[in-house]
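Open the model in a viewer, with the chains coloured separately. The stops below run from the whole complex down to single residues.

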Amino acid sequence: MLLEYTAIAAFIIVTAAIGFIAIGLGMLFGPKKSTDKKAMPYESGMNPIGPGTRRMPVHFYLIAVLFILFDIEVVFLLPYAIAFRQLGLFGLIEMLIFIVILLVGYFYAWKKGALEWE
Amino acid sequence: MTFALLIEWLIKGFVLVLVLLGGFAYLTLYERKALARIQVRIGPNRAGPWGILQPIADAIKLIFKEELIPAKADKLLFILAPVVTLVPALVITAVVPWGSEIMMFGRVITLYIADINVGVLYIMSVASIAVYGVVLAGWSSNNKYAMMGGLRSSAQMISYEMSLGLAFISAIMLAGSMRMLDIVEAQRTLWFVLLQPVGTAIFLIATLAEVNRPPFDMPEAEQELTAGYHVEYSGMKFALLFMAEYDKMIAISAIGATLFFGGFRGPFVDTYPWLGPIYMLLKLVILLFGMIWVRATFPRIRYDRLMAFGWKVMLPLSLAIVFITAAGILLAEQVNPLLIWTVPALSLLAGVFTIAMIDRELRRKEYARA
């Protein structure tokens with residue numbers, strides 16, 4: 001089994017090498033005449049106003065937290081998906097209860113307006 | 001582990017990377033040609049016969065372009081981000097089987113890099129890593145538009161990832177294994193698209209959002225964000241980001257073909273194993289045409305609607321699909337094998353119900369506005 005993962009590691013090395021070679025090629029052959037105007041942030045020809053990295057809307061954090069909640073649910077469903085033939089009806093009902101508990105939180109978030117974008 | 005095995009892995013990895021890079025080059029041409037035909041144009045036809053040398057001309061042009069690094073950019077991350085985007089896009093294909101095994105040079109060569117027993121889990125985890133490159137590219141550029149593109153992209157990708165994962169789970173349930181070869185083997189008689197049509201539809205829609213293709217290409221929205229997260233990239237670094245995007249398309253189509261459309265299976269593939277890659281290629285060309293067709297047909301949707309669709313429609317529907325699949329398979333195993341057809345029937349019912357609910361909601365909004 002470990003052999004297969006070594007194969008993947010070898011593959012990762014090959015792909016990363018291709019990526020760095022491509023960047024190296026561009027750096028080798030491209031002209032390098034940078035000026036102040038060229039190094040300015042590109043905003044369709046306007047002079048940029050304010051800093052480039054600014055505070056991000058809090059809504060993105062909310063989405064990330066909700067994502068963690070439901071992605072965990074997906075992760076818990078994975079072993080069930082493999083073993084549900086052995087678990088039978090008992091497993092099905094148990095999974096239903098699990099999903100319903102999460103759905104309560106889901107509808108709470110929905111009614112609280114966490115899924116709305118202004 | 002022998003030295004010969006290591007050489008075999010490196011050669012196989014190198015060949016797969018070359019195939020994917022060649023596939024990327026010709027996918028751009030394919031897309032431009034197909035879009036042109038749909039819009040009653042001819043498309044690229046100057047470089048070589050039918051424009052087949054166009055991708056090579058583009059690549060050479062990009063190599064000789066000047067590469068700009070913005071003055072206040074985080075230089076290390078800025079240079080690293082394209083590689084971080086590219087590597088997962090290529091590495092995800094390591095578990096996709098292109099065929100079973102063939103004899104070559106007196107050795108048995110398997111037509112996949114690795115055959116791990118948690119193949120689908122591997123795909124899900126590597127697909128999640130792909131978000132990093134986009135976010136880093138957006139953040140390190142020190143550009144408002146790039147950062148907004150990166151943020152939008154991360155939120156969109158994680159929102160659709162759950163539906164994607166649940167669509168994977170419906171395929172895992174039907175096959176009873178996470179190993180890609182077992183999933184292909186389980187589709188010997190019947191493709192999963194017939195058993196789980198709604199799961200396949202969810203997969204296809206979620207992949208469009210996952211690879212930032214139109215109509216879900218909000219991170220790059222030319223008209224509002226100029227080009228999104230790669231606005232500051234030029235030359236080969238831009239080419240790498242572009243390459244990652246198209247290789248993601250190829251990879252995700254290959255995964256879709258494996259999970260729902262029978263993978264490398266087709267007539268006579270048992271007697272002639274080298275037919276496997278050919279069937280896979282045919283299925284890829286058809287699935288990729290679907291993506292291009294969608295791009296030519298649908299306008300980009302608004303960001304709030306995109307997120308609402310992901311959270312309020314796709315997530316409940318895919319949860320219902322998983323539950324229906326589990327219940328249907330248990331019924332078929334314990335009562336009567338023919339009851340497996342309750343899975344597509346109930347799934348389609350759930351799909352039609354969802355569409356009716358969306359229609360009702362849209363009508364209500366229309367009425368409120370009028």
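pLDDT is the predictor's confidence in each residue, on a scale from 0 to 100. This is a predicted model, in which local features need pLDDT of at least 70 and side-chain atom pairs count only at pLDDT 80 or more, while totals for chains, interfaces and linings use all residues. Residues are numbered from 1 along each chain as its sequence is written, and chains are lettered from A and ligands numbered from 1 in the order in which they are written.

**Stop 1: confidence**

Colour by pLDDT. The mean for chain B is 84, and 97% of its residues score at least 70. Select residues 222–225 of chain B: this is helix 9, where confidence in the chain is lowest, with a mean of 66. Then select residues 197–210, helix 8 of chain B, where confidence is highest, at 89. Helices (H or I, at least four residues) and strands (E, at least two) are DSSP runs, numbered from the N terminus. For the complex, the predictor gives an ipTM of 0.84 and a pTM of 0.88.

**Stop 2: chain B as a whole**

Chain B contains 13 helices and two strands. Its radius of gyration is 22 Å, close to the 21 Å from the globule rule for 370 residues, so chain B is as compact as a globular protein of that length. The radius is taken over C-alpha atoms, and the rule is 2.2 Å times the number of residues to the power 0.38. The C-alpha trace of chain B spans about 75 × 70 × 40 Å along its principal axes.

Of the 370 residues in chain B, 50% count as buried. A residue is buried if 20 or more other C-beta atoms lie within 10 Å of its own, exposed if 12 or fewer, and partly exposed in between, with C-beta atoms placed from the backbone. Among contacts in chain B with a separation of 6 or more, 76% join residues 24 or more positions apart; two residues are in contact if their C-beta atoms, placed from the backbone, lie within 7 Å.

**Stop 3: the domains of chain B**

Select 15–58 and then 65–303 of chain B, which are domain 1 and domain 2 in the domain assignment. Such bounds come from an automatic or database domain assignment. The C-alpha centres of these two domains of chain B are 19 Å apart. Each side gives 12 residues to the contact between domain 1 and domain 2 of chain B. On the domain 1 side, nine are nonpolar, two polar and one charged. Here Ala, Val, Leu, Ile, Met, Phe, Trp, Tyr, Cys and Pro count as nonpolar, Asp, Glu, Lys and Arg as charged, and the others, Gly among them, as polar.

**Stop 4: helix 13 of chain B**

Select residues 342–369. Helix 13 of chain B has 28 residues and reaches 40 Å from first C-alpha to last, close to the 40 Å expected at 1.5 Å a residue; the expected span is 1.5 Å times one less than the number of residues. Helix 13 of chain B is hardly covered, with two of its 28 residues buried.

**Stop 5**

Is B:L288 buried or exposed? B:L288 counts as buried, because it has 21 C-beta neighbours inside 10 Å. B:L288 sits in helix 11 (residues 275–297) of chain B. Leaving out residues up to four places away in sequence, B:L288 touches B:L27, B:Y30, B:M249 and B:S253.

Move to the loop between helix 1 and helix 2 (54–63) of chain B, which holds B:V40. B:V40 is not a glycine, yet has a positive phi of about 55°. With 6 other C-beta atoms within 10 Å, B:V40 is exposed. B:W50 is also in the loop between helix 1 and helix 2 of chain B. Its phi is near 55°, again positive in a residue other than glycine. B:W50 has 13 C-beta neighbours inside 10 Å and counts as partly exposed.

**Stop 6: chain A and the interface**

Show chain A, which has two helices and zero strands. The radius of gyration of chain A is 25 Å, well over the 13 Å that the globule rule gives for 118 residues, so chain A is more spread out than a compact globule. Of these 118 residues, 19% count as buried. The centres of domain 1 and domain 2 of chain A, taken over C-alpha atoms, are 37 Å apart.

Finally, select the interface: 69 residues of chain B contact 57 residues of chain A. Elements giving two or more residues to the chain B side include helix 1 (3–38), helix 5 (144–175) and helix 12 (303–334) of chain B. The chain B side divides into 49 nonpolar, eight polar and 12 charged residues.
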